[in-house]
Amino acid sequence: MNPRRPTPQGSESLESIVLASPFNALEEFLRGLKASGRSSFHVDGMRRRIRRFLVFAGGGVSREVILDFFLSLRCSPKTKLHYYRSIKQFLRYMGLEYLMDGIKPPRVPRRDPPIVSVEEVLEDLKKLSFRR
């Protein structure tokens with residue numbers, strides 16, 4: 001049995017898993033991301049998001065804790081999506097991905113790119129040529 005992939009013992013239910021050393025597991029997970037070539041910006045963002053989740057969870061991770069965490073976030077849908085993906089990837093690494101079964105990612109409204117007129121493009125080009 002892998003020590004970083006906890007399994008329920010005795011009367012412990014599958015619904016509530018207590019992570020023995022979640023922050024050590026987080027650092028091991030992040031080292032793997034670095035080794036796979038992820039940028040330090042990406043790794044730092046993952047660290048910040050997952051650490052915030054682990055502090056909220058207090059070492060005990062369950063489906064209810066995950067849902068409560070997402071409900072507690074006061075941020076944009078796009079930021080919530082970043083949290084969702086980070087936590088899901090970490091739980092997959094820990095062998096606990098089933099805790100997020102049925103939890104759908106937040107919907108991010110699609111934004112159409114701004115429509116720029118030919119006149120606006122020409123004006124911008126004039127500004128650029130003026131600076132030279």
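A residue is called buried when its relative accessible area is under 20%, exposed when it is over 50%, and partly exposed in between, using a 1.4 Å probe and protein chains only. The structure described here is a predicted model, in which local features need pLDDT of at least 70, side-chain atom pairs count only at pLDDT 80 or more, and totals for chains, interfaces and linings use all residues. Residues are numbered from 1 along each chain as its sequence is written, and side-chain values use heavy atoms, with hydrogens and water left out.

**Overall layout**

- The protein chain contains five helices and two strands; helices (H or I, at least four residues) and strands (E, at least two) are DSSP runs, numbered from the N terminus.
- Read from the N terminus, the order of elements in the protein chain is β-α-α-β-α-α-α.
- The protein chain has 132 residues, of which 29% count as buried.
- Among contacts in the protein chain with a separation of 6 or more, 63% come from residues 24 or more positions apart; a contact means heavy atoms within 4.5 Å.

- Helix 1 covers residues 22–35, and its 14 residues should span 20 Å at 1.5 Å a residue, which agrees with the 20 Å between its end C-alpha atoms. The expected span is 1.5 Å times one less than the number of residues.
- The buried residues in helix 1 are Pro22, Ala25, Leu26, Phe29, Leu30 and Leu33. They lie on the same side of helix 1 because they cover an arc of only 135° around the axis, where the arc is that of the directions from the helix axis to the C-beta atoms.
- An α-helix has 3.6 residues a turn, so residues three or four places apart point the same way.
- Asn24, Arg31 and Ala35 are exposed and sit on the face of helix 1 turned away from its buried side.
- The buried residues of helix 1 pack against helix 2 (40–57) and helix 4 (77–94).

**Glu27**

- Leaving out residues up to four places away in sequence, Glu27 touches Arg47 and Arg51.
- Glu27 and Arg51 are 24 residues apart along the chain, and their C-alpha atoms are separated by 10.0 Å.

- Two packed helices are described by the angle between their axes and the distance between the axes.
- Helix 1 and helix 2 have axes that come within 11 Å and cross at roughly 160°. Helix 1 is therefore roughly antiparallel to helix 2. Axes are lines fitted to C-alpha atoms, for helices over the stretch in contact, and angles run from 0 to 180 degrees between N-to-C directions.
- Angles under 35 degrees count as roughly parallel, over 145 as roughly antiparallel, 65 to 115 as roughly perpendicular and the rest as oblique.
- Helix 1 passes helix 2 in a right-handed crossing; a crossing is right-handed if the near helix is turned clockwise from the far one by less than a right angle, and left-handed if anticlockwise. Residues making this contact include Leu26, Glu27 and Leu30 of helix 1 and Met46, Arg47 and Arg51 of helix 2.
- The axes of helix 1 and helix 4 also come within 11 Å, but cross at roughly 100°. This makes helix 1 roughly perpendicular to helix 4.
- Where these two helices meet, Pro22, Ala25, Leu26, Glu28, Phe29 and Leu33 of helix 1 contact Gln89, Phe90, Tyr93 and Met94 of helix 4.

**Helices 3 and 4**

- Helix 3 (residues 63–72) packs with helix 4 at an angle of about 160°, and their axes are 11 Å apart. Helix 3 is therefore roughly antiparallel to helix 4.
- The contact is formed by Ile66, Phe69 and Phe70 of helix 3 and by Lys80, Tyr83, Tyr84, Ile87 and Leu91 of helix 4.
- Val65, Ile66, Phe69 and Phe70 are buried in helix 3. They fall within an arc of 135° seen down the axis, so they line one face of helix 3.
- The buried residues of helix 3 pack against helix 2, strand 2 and helix 4.
- Helix 4 has 18 residues and reaches 25 Å from its first C-alpha to its last, close to the expected 26 Å.
- Buried residues in helix 4 include Leu81, Ser86, Phe90 and Met94, and the buried residues of this helix pack against helix 1, helix 2, strand 2 (60–62) and helix 3.
- Gly95 follows helix 4 and has a positive phi, near 80°.
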